[in-house]
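This report walks through a few local features of the structure shown below. Please keep the sequence and the model at hand while reading.

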Amino acid sequence: MKPKRIFAFLLIGILLLSCCGCSATSSGLSMLNRKKITELTQKGETYWAAYQEHQEVGEATNVVEYQKPLSYVLQYPKTGHTAVDARIEGIVTEIRNAFDQEFLPAKTSENETKSNKETEATLYLGYEAYLTDNDHMSLVFFQTHEAEGVLSPHTRIQIFHFDLSEDIEIPAEELMWTDFAKNASAYTQKYFTTTEPYNKGLFGNYATLLAPDGGRFDRFAFTTEGVLFYFDRYDLFPGSYGIVSLTIPYEDMRTKIQAPKAETLVPPEKSNKKMVALTYDDGPNPIATNAILDTLEQYGAKATFFDLGHLVEKYPDVVKREAALGCEVGSHSYDHKNFSKMTAAEISADIKKTSAAFQKALGKDPAVFRPPYGACDENVKKQIPMPIYLWSIDTLDWKSRDAKAVLDVIKSSGDLDGKVILMHGIYTSTAEATAILVPYLQGQGYELVTVSELIQAKHGETPANGKIYGYSYFQ
């Protein structure tokens, strides 16, 4: 055989092998995609099943898309009304876009490489649709997500109203009659304070949360039975209650009800009861912080969290849970810069940026502050419009990363009454230590309180803005 022919056969063989290799790779990728789609579809069917009982309008449309880093498991109705269906599809697109914006790292230039780590996340969307006799549809969307394999404990609820006979959307405020919020407030307070199991789990500040102007009664659905209200997990009750819904009959929504009188709060006096304050810096973290919160919720304990603004933006659900469990949520700066090395203008800008993150997550500014590294000189002190809390026991959990070592530091510190213990809410080892520490301290007769509660109870003082509460104060 001539050399040219041998070379030609070899070349053809190489090309065939290359093609086979490409085909196998493509087939493998296709099989992986099909497997992922099947897994997501199964998860979707489980998620959607919780809402199917109240899908009274239209046909359910399912969308399952697997992509990296973001996937989508969506269900929404098609009603057969052109304008209404177009608006519903627009709402779903808005929800998708907001999800993308939250989890996709922002690019500063077209040529920027992927320096920011992408988070693999899945958006889940389900719905309920209620129809009344006058062709009014209330569409309720339930949205949650899974990030890095961890399912968010929170569900976002959005409600939209449509007149199907006119094929139009109706703003919620146009549907609220005189005394709508007042009557809803009075009925809800009476119901939750007198009905089991709600009266046993209702948070102590329920009167403020359920006030007519408290923001709980502008999200509602009209059903054939009455006006349906939803209360988010951790909003009024411990997380074990989940999302709580309450339907108020129409006749009660139009009848003035006498709300129960709120308990009179007595200013705290100095207490002889043994108290200690657990504090956690550098969070929130969806795994470690939630594990810490699980322990606090289990034992009815409180703590103070000093969170970083950029993580508050990233994990607002965790921050909401901290606050809902009665814990104190303070600022630890935006991204842990050393304030003693910054100018007054830089400190002010950091405080404003962090406050904006807290406002978005909690609807309020942080009330207390702990400076990164505990660095707080006179220049820093002048710029902080909050009480400044340091600590009296440093567990060095960031260094040991060992639950036993953390416990040993605390147990060897002697009398803990009035002490403030420093830990970090981003380590699983600290969460493991907390799971042992909380019942241990309670067994020793200590009440676990926030730092502000400790100051009020042990020193009879209302925390003052700009004042440093340091090591010697908490001895």
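## Ser152 and its surroundings

The side chain of S152 makes a polar contact with the side chain of D317, at 2.6 Å; a polar contact is a pair of N or O atoms within 3.5 Å, where within protein one must be able to donate a hydrogen and the other to accept it, and residues adjacent in sequence count only if both atoms are side-chain atoms. This is a predicted model, in which local features need pLDDT of at least 70 and side-chain atom pairs count only at pLDDT 80 or more, while totals for chains, interfaces and linings use all residues. Residues are numbered from 1 along each chain as its sequence is written, and side-chain values use heavy atoms, with hydrogens and water left out.

S152 lies in the loop between β5 (150–151) and β6 (156–163), where helices (H or I, at least four residues) and strands (E, at least two) are DSSP runs numbered from the N terminus. With a relative accessible area of 10%, S152 is buried; buried means under 20% relative accessible area, exposed over 50%, and partly exposed in between, using a 1.4 Å probe and protein chains only. Not counting residues up to four places away in sequence, S152 touches T144, H145 and D317, contact meaning heavy atoms within 4.5 Å.

## Helix α9

D317, the partner of S152 in that polar contact, is one of the buried residues of α9. This helix, residues 316–324, is mostly covered, as 7 of its 9 residues are buried. The elements that cover these buried residues include β4 (136–147), α7 (288–299), β12 (304–307), α8 (309–314), β13 (328–331) and α10 (344–362). Just after α9, G326 takes a positive phi of about 85 degrees.

## Backbone exceptions

Most residues other than glycine have a negative phi, and most peptide bonds are trans.

The peptide bond from K68 to P69 is cis, with omega near 5 degrees, and P69 is found in the loop between β1 (59–65) and β2 (70–78). The bond from G283 to P284 is cis as well, with omega near 0 degrees, and P284 is in the loop between β11 (275–283) and α7.
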